[in-house]
Amino acid sequence: MKNTVRELRTALGWSQADLGERLDVSRQTVNAIETGKYDPSLPLAFKIAAVFALSIESIFTPGD
């Protein structure tokens, strides 16, 4: 699954730790999501979408 989490996060000037705090996950989890090594659970995807005030579909897209 591809995502734009890194781009959204950096546009706001947040570190991975900052986003992790807002999502109640570790910085390592944010890194794994951004690099595509971990696909978030549906509840976490909803949290990510809410933090950025976007739809899940605008952040996450099917990958190869």
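Mentor: Let's start with Arg9, which is buried at a relative accessible area of 8%; buried here means under 20%, exposed over 50% and partly exposed in between, using a 1.4 Å probe and protein chains only. Keep in mind that this is a predicted model: local features need pLDDT of at least 70 and side-chain atom pairs count only at pLDDT 80 or more, while totals for chains, interfaces and linings use all residues. Residues are numbered from 1 along each chain as its sequence is written, and side-chain values use heavy atoms, with hydrogens and water left out.

Now to the charges. Searching the whole structure gives two salt bridges, a salt bridge being a side-chain nitrogen of Lys or Arg within 4 Å of a carboxyl oxygen of Asp or Glu. One of them joins Glu34 to Arg6, with an N to O distance of 3.3 Å. This pair links distant parts of the chain, since Glu34 sits in helix H3 and Arg6 in helix H1, 28 residues apart; helices are DSSP runs of H or I with at least four residues, strands are runs of E with at least two, and both are numbered from the N terminus. Glu34 counts as buried at 10% relative accessibility, whereas Arg6 is partly exposed at 35%.

Glu34 also forms a salt bridge with Arg9, at 2.5 Å from N to O. Because Glu34 lies in H3 and Arg9 in H1, this pair ties together parts that are 25 residues apart in sequence. Through shared partners, the salt bridges join Arg6, Arg9 and Glu34 into one network.

What else touches Glu34? Beyond its neighbours within four places in sequence, the contacts (heavy atoms within 4.5 Å) are Asn3, Val5, Arg6, Arg9 and Gln16.

Stepping back to H3 itself, its buried residues are Val30, Ala32, Ile33 and Glu34. Their cover includes strand E1 (2-3), helix H1 (5-11), H2, H4 and strand E2 (60-61). After H3 comes Gly36, which has a positive phi near 80 degrees.

Some of these names return in the largest nonpolar core, which has 14 residues; Val5 and Ile33 are among those with the most contacts inside it. Such a core is a set of buried Ala, Val, Leu, Ile, Met, Phe, Trp, Tyr and Cys residues joined through side-chain atoms within 4.5 Å. H3 (27-34) is one of the helices that each supply at least two core residues.
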